[in-house]
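Keep the 3D view open as you read.

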Amino acid sequence: MKIWKRVGCLALAAAAMLAVAGCGTGNQSAGSGKMQELSIGLMPDTDSLPFLIAEEKGYFADEGVKVDLKPFKSAMDRDSAMQSGHLDGAVSDMLAAAFAKDGGFDVKVTSSTDGSYKLIAGKAEPAADVKGLRGKDVSVSRNTIIEYVTDEILAKDGLKGDDINKVIIPQIPTRLEMLQNGKLAAATLPEPMASIAIYNGGRLLKSSDDLGINPGVILFTDKATKDKQKEIQAMYRAYNRAVDYLNNAPREEYIDFVIEKAGFPPAAKEALKLPTYHKAALPKEQDVTDCIKWLNDKDLVKETYGYDDFVIRLLDD
């Protein structure tokens, strides 16, 4: 009888040890050990390049995080993928964040980006400055970051949005083509299309850089910021290494790769001028509040949101 008691005690002890070990394994998987996968939507623009480099150079793997980069050609498709649960985060902008929140889908902005948006006159357009575009055809995409930047540029030169004839062309390649074919006086374009337009004879009139505004952001779903915080922080460590690489590596070392992976047109190989990238940082409060004010003024978003309604601090100190 004593022997069976002894065996029973040993069995209980062994079971307890296995239970503890099992609990430890579970905590490691969900906690400080193995990380969950992150899915991030990218657009064919220069803001996406640090992600592509981080994947190519193995920086994500070095940080122990798997990042599934999913390319999109339209912001609408990207936003639909996020709202349907197919993305944790995306390279995006403050307007998209506000539209999502106003529609009942909560997203959080985790950093700004280095996007640049340029108002470019066609090569045959005589206007010497922004004021010279009064009454002329200028192409934008309606209710987007492009129209927002255009309106801000106009306001800086004492013009209003209705002082020009806004030609609505959502597709960026079509907008570029019409500008280069002389069918528009000017157009607002992101990179790399802006660089291509200038390379082919267009003239830069003013840009978001000149105004010191930056509505471009990286955002994540509210759920991802709660469930995958350490994964997002690991992603940003890899992102920052990619920023260092892009700022210091010879252009010829990476240009063919980024042209192919980002889906840029071949003309971008010669024309593209990359920005000086900055390591991940929170957006300026003014950039957020100015975007919301523009949306409120145009009655596109009802609520008057503040900075803390969007921005969350997840970056490593």
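Contact here means heavy atoms within 4.5 Å. Helices (H or I, at least four residues) and strands (E, at least two) are DSSP runs, numbered from the N terminus. This is a predicted model, where local features need pLDDT of at least 70 and side-chain atom pairs count only at pLDDT 80 or more, while totals for chains, interfaces and linings use all residues. Residues are numbered from 1 along each chain as its sequence is written, and side-chain values use heavy atoms, with hydrogens and water left out.

**The chain as a whole**

The chain has 14 helices and 10 strands. It runs to 317 residues, and 49% of them count as buried (under 20% relative accessible area; exposed is over 50%, partly exposed in between, with a 1.4 Å probe and protein chains only). Take the contacts between residues at least 6 apart in sequence: 78% of these join residues at least 24 apart.

**Two helix pairs**

Two packed helices are described by the angle between their axes and the distance between the axes. Axes are lines fitted to C-alpha atoms, for helices over the stretch in contact, and angles run from 0 to 180 degrees between N-to-C directions.

| Helix pair | Angle | Axis distance |
|---|---|---|
| Helix 6 (residues 145-156) and helix 14 (residues 285-297) | about 95 degrees | 11 Å |
| Helix 2 (residues 49-56) and helix 11 | roughly 100 degrees | within 8 Å |

On the scale used here, angles under 35 degrees count as roughly parallel, over 145 as roughly antiparallel, 65 to 115 as roughly perpendicular and the rest as oblique. Helix 6 and helix 14 are therefore roughly perpendicular, and helix 2 and helix 11 are therefore roughly perpendicular to each other too.

Which residues of helix 6 meet helix 14? They are Glu147, Tyr148, Asp151 and Glu152, and they meet Asp290, Cys291 and Trp294 in helix 14. By class, that contact has three nonpolar, no polar and four charged residues. Here Ala, Val, Leu, Ile, Met, Phe, Trp, Tyr, Cys and Pro count as nonpolar, Asp, Glu, Lys and Arg as charged, and the others, Gly among them, as polar.

From helix 2, Leu49, Pro50, Phe51, Ile53 and Ala54 meet a set in helix 11 that includes Met235, Ala238, Tyr239 and Leu246. This contact of helix 2 with helix 11 has 12 nonpolar residues, no polar ones and no charged ones.

**Cores and a buried helix**

A nonpolar core is a set of buried Ala, Val, Leu, Ile, Met, Phe, Trp, Tyr and Cys residues joined through side-chain atoms within 4.5 Å. The largest has 52 residues, with Phe51, Ile53, Phe60, Leu189, Phe220 and Met235 making the most contacts inside it. Helix 11 (residues 229-248) gives the most to this core, 10 residues. Leaving aside neighbours within four places in sequence, Phe60 is in contact with Phe51, Val65, Met235 and Ala238, among others. A second, separate core has 47 residues, including Ile145, Leu205, Val217 and Val288.

Helix 5 (residues 94-102) has seven of its nine residues buried, so it is largely enclosed by the rest of the structure. Lys101 is one of the buried ones, along with Met94 and Leu95. The partners packing against the buried residues of helix 5 include helix 4 (75-83), strand 10 (216-221), helix 6 and helix 14.

Most residues other than glycine have a negative phi, and most peptide bonds are trans. The bond from Glu191 to Pro192 is cis, with omega near 15 degrees. Pro192 sits in the loop between strand 8 (186-190) and helix 8 (193-199).

Asn143 has a positive phi, near 55 degrees; its place is the loop between strand 6 (137-140) and helix 6, and at 27% relative accessibility Asn143 is partly exposed. Asp299 also isn't a glycine and has a positive phi of about 60 degrees. Asp299 lies in the segment after helix 14 and is partly exposed, at 49% relative accessible area.
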